[in-house]
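Please look through the model shown below with its sequence at hand.

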Amino acid sequence: MKLHLRIWRQKDGSTPGHFGEYDLDDVRDDMSFLEMLDVLNEQLIDGGEEPVAFDSDCREGVCGMCSLVINGKAHGPLAGTTTCQLYMRHFNDGDVVTIEPWRSAAFPVLRDLIVDRSAFDRIMQAGGYVTLHSGPKPEPNSIPIEPEVSEQALDAATCIGCGACVAACPNGSAMLYTAAKVSHLGLLPQGQPERYGRVKKMVDQMDQEGFGSCRNYAECEAQCPKEISINFISQMNRDYLKATLREPVDRRSKMSSQ
Amino acid sequence: MDFNAKIPDGPIEDKWTGHLESIRLVGPRNRPKYKIIVVGSGLSGGAAAASLAAMGYKVNCFCFQDSPRRAHSIAAQGGINAAKNYRNDGDSVFRLFMDTQKGGDYRAREANVYRLAECSTGIIDQAVAQGVPFAREYGGMLANRSFGGVLVQRTFYCRGETGQQLLLGANSSLAEQIRNGGVKMHTRSEMMDLVVVDGRTRGIVYRDLVTGEVRSESADAVVLATGGYCNVYFLSTNAKGCNVTAIWRAYKRGAAMANPNFVQIHPTCIPASGDHQAKLTLMSESLRNDGRIWVPKNQDDQRKPSEIPEQDRYYYLEERYPRFGNLVPRDVAARNAKDVCDSGMGVGPTGYGVYLDFRDAIHEQGEKVVNAKYANLFEMYERITSDDPRHTPMRIYPAPHYTMGGLWVDYNLMTTIPGLFAVGEANFSDHGANRLGASSLMQCLADGYFVLPATIGDYLSRHPSAEMSADDQHFKAVENEVRDRLSKLMAIKGNRSASSLHRQLGKLMIDHCGISRNQQGLEEALRKIPQMKKEFGSQLSVPGSDDQVNQALEHAGRLSDFYDFAELMCRDALHRDESCGCHFREEHQTAEGEALRNDEKFANVSAWQYRGEDNEAELYQEPLEFEAAPLAQRNYKT
C-alpha cells in the first residue's frame, strides 16, 4: 500500500517544529508501524537527509520506550497495543497518517518524536519502592498472599511507563501512571509499612512535575496499551485521603537522632 | 596477564561461604569515599547499583535508554529458577548446579555455577520483599512451572512478564537510592570507552545522546552490566539498542574476551516475514510445556494445519527424544527445527518455520486453563501474525537470543583489568556452552544483589579511594580518541544506512556462525567480514551533526564495533574444533546428530587477549576441572 505521512519534525527543544510530508510506497501488511518508519528512515539516510528521530527499544511492547500519537491516538488506533506492536494491516492504501510526539508540558520534546519522560522516574523515586537492603530476607511462603491480591497487584504492575496515559488525557494528567505504581505496592503485604507515606510523596511529586489534574475523562484507560484500569485511580485517591488524615508516618529524621 | 580464576579452596559447597568469610571488607565509614561506575541498568546493573549504594558506596549508573526501567532484561518472559524445592520433587542446590552444568555441556566453571545455584533461593526472597507479584497458588504459596531441560518444577514466574516484574523490583530499589543520593543516574548516556591508567581502571568516557557531548566520569571501580551481543546477527530477539560496544572497548583496553562464539539460539520465536523485519520476537519457552511441535509429513501438504490428521503429522521432538519430548534443551530444539526445515519439511511462506500446537492441551485441560497460562503470549502472537494460536498452531523458528560468551572474569567477577568488573550477560561465567531456560534472570540478580557487592570490596579495600579525577589528562586523551572516531564516521558521507550494512553482516553471521558451523563457512566469514568493514568505511551515510540527537550516528558506532567483534567470534568458533552445547560444528557429531565434545582438547575456556590493530588476538585457555559433577555425555533421549 501507499501512505502519505505527516510527521512532526523539530530540531531540538528550543527550536519550533513543523510537520514534514512524506510519501511512502510499498508498505506491507506484515510490517510493524516502527518498521514502516525504519523503511522511511533508510530511504532518507540513503538520500543524505536526516532521518526521523523516534524512541524504541525492545519492540515487543514491554520496555515502554516507544510512543507516538498516531492520527490523534496514543499508540495508534488499536486498543491495548503499543506502537511497536501495531501492524500496518490496520491501515489502508492511500491513508494519510499523522504522527506526533507525546504532547504534554511535563514531557518536553527533545527532537522530532522523542520526548523527555524523566518526570515519571522522579515520581518513582519519590516513593515507589519498599525500603530495603540487598541480603537475607524472610522466607516468602511465610507471608501467604491470596492469588487474587497478587494478580491484582500484577494488573497494576504491568504498567510499562510509556506515558500514553498523559498523552491521551485532555488535561495531561499522570494519575493513571502514578495510581498504577502506588496500587501495585499498596495491595501487597510488603508495601504496607510505607503505604500512606508513599502515596503522599508520589502524588506530591506528580503535582510538582506539572502534570494536569484528573477530571475522569478515562481517556487514559482507553488508550493505555496495557489496559490498566482507572479503578486504580479511585484506589489511590482513597489511600491519599487516608494519608492526609493520618499523622505523618515518615519518622526517619526522628529515628536517626535517637 | 593474570588469568588466575581465584577459585577458593575447599569442597564445592563451602567455597562461597568460606570466601565471604575470608575476603577483605570496606568499613561503613569508608564506603562513601569510593566511587563506583555501573554501566547498564538492567537486572544485573540495576541490582548492583542499588545494592552498592545501599551499602554506602557512591555510584554513578549509566544507561542509553531514557529510563533505567527500559533495559532489555524487561523482555524476559518465562521465569526465574530457584532451588527452593517447594514442589517436593527432589530439587536441591546440587541438582540445580548439576542441571546448569549439564545444560552448559560442561564448559563452565564448577565453582561459579555452584555459587549461582546457592544464591538462587535468596533472589526469590529478595524479590518478594521488594513487592514482585509472583504467581501464587490458591493457598497463597508461591507457584512454580517447569521449563526445558530439567525434570523438576523450580521456575517462579509472573504471567509471561517475569523479567519486567523483576526489573521493576530492582528498579524500585535503584529509585530509592537515586532519591537518597547514593546513585547518580545518567540516562540517555552511552559508554564510548574505558579509561585505564597504569593497568588499573579509572573511569569511562561517555556520550550524552541528547547534546552529543563527550564527557568523562572517574571511579575507583567500573562495573559493566551491558548485556549481550546478539545484535551482531542484526535479526535477534534483543532490543534494537543492545550492542557490544562497552565490552568491546574494554577488550581493546586489555580485558580478555571469553568464548565469544557461544550464542544461544532460542527455539521458539516468530519467523521472519520479510526484508523490512527489524527484530525477531520470542515466544516464551514455557509454551513448550503444553504445545506440541510438529511439521507435516508430506512436504507438499496444502491443507490448513488444523485439518492435517494425526497420522500425517511428524512430531519430530517427541519421536527423536521420547523422555524429554518437547522439553529438550534449547540448542537441541533449535537444531532439530533447522534440520527439518533444511530437509524441506518447514512451513510458512519462507519454509523456515515449524508448528507449535495447543490443540491437544486445550482438549485435555480446557481453553480456560491453557488461556490462564499463556493468554498474553497468545495475544502477542496474534497481534503480530493475525493468527489465533487457540485455533491454528503457532509458527515458530529459532532466533539468536542470548550470548553465553562475554568478558572473562575471575571468581570475584573481575576482568583481566584490575578494577573492571563484568556482571550478568556481559560476562562469560556461569552458563558454559548453553544456558538453561529461566537461568539468565537468576544469574543477573545473583551477580547484582549478592556476589558483586561482596567481592568488589576485596578489590577496593586494597586501594586508596578517589585517586584520579575526570579532569586528568588521561581522560582528556581518551575523550579526544572518541571524538575522533565519531568525526570519522560522520565524514564518510556515503549513501547507505547503517541498517542496510548491518543486515548484510547479520546475514553472513547467521549463515556461517549461527545454529550450526563448519570450517569452510567460518573461513569464508573471516574472509568476508574485513571486506564488509571496508564497504562500511566507504559507503556509510550519517546525515545530520554530532551535537544533537543522532540515532544514525549511534547505530553506526555500534555497528563499527560489531564488525571487529564478528571476526573474533568466527575465529573463536573456528578454533573450538569440537561441538558443545550451542556450538555445533558439523564436523563433530554423534551418529544420532548430537553435539560431540572433545574433552581432551577443549575442556577449557577460550579467553582472547587484544594485541593491537595489526596483530591477531592471543588465545589463553583456562582449563576447567570437574570434581563435583564428573564429565558426562549429554543425553536427553533416555
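In this predicted model, the contact between the two chains draws 69 residues from chain A and 69 residues from chain B. On the side of chain A that touches chain B, the elements that contribute two or more residues are α1 (33–46), β6 (109–111), α2 (118–127), α3 (147–157) and α5 (175–187) of chain A. Of these, α1(A) gives the most, with seven residues. Sorted by class, the residues on this side of chain A comprise 30 nonpolar, 19 polar and 20 charged.

Within chain B, the domain assignment gives domain 1 (267–399) and domain 2 (473–612), and the centres of these two domains, taken over C-alpha atoms, are separated by 31 Å. The contact between them takes five residues from domain 1 of chain B and five residues from domain 2 of chain B. On the side of domain 1 that touches domain 2, helix α8 (residues 330–342) of chain B supplies the largest share, four residues. By class, that side of domain 1 of chain B holds two nonpolar, no polar and three charged residues.

Chain B also contains an open sheet of five strands, which pair in parallel in the order β5-β2-β1-β9-β17 (chain B). Because β5 (183–186) and β17 (420–422) of chain B each have a single partner strand, they stand at the edges, and one side of each is left without a neighbour in the sheet. Neighbouring strands of this sheet are turned against each other by 20 degrees on average, direction ignored.

Which backbone details deserve a separate look? In chain A, Ala218(A) has a positive phi of about 65 degrees although it is not a glycine, and its place is in the loop between α6 (195–208) and α7 (219–223) of chain A. Ala218(A) counts as partly exposed because it has 15 C-beta neighbours inside 10 Å. In chain B, Asp198(B), which is likewise a residue other than glycine, has a positive phi near 50 degrees. Asp198(B) is placed in the loop between β6 (189–197) and β7 (200–208) of chain B. With 8 other C-beta atoms within 10 Å, Asp198(B) is exposed, since a residue counts as exposed if 12 or fewer such atoms lie within that distance.

Definitions and conventions. Residues numbered from 1 in each chain as written. Chains lettered and ligands numbered in written order. Predicted model: local features only at pLDDT ≥ 70, side-chain atom pairs only at ≥ 80, totals over all residues. Contact = placed C-beta atoms within 7 Å. Nonpolar A, V, L, I, M, F, W, Y, C, P; charged D, E, K, R; others polar. Buried ≥ 20, exposed ≤ 12 C-beta atoms within 10 Å, placed from the backbone. Domains from an automatic or database assignment. Pairing = 2+ DSSP bridges. Axes fitted to C-alpha atoms, helices over the stretch in contact; angles between N-to-C directions.
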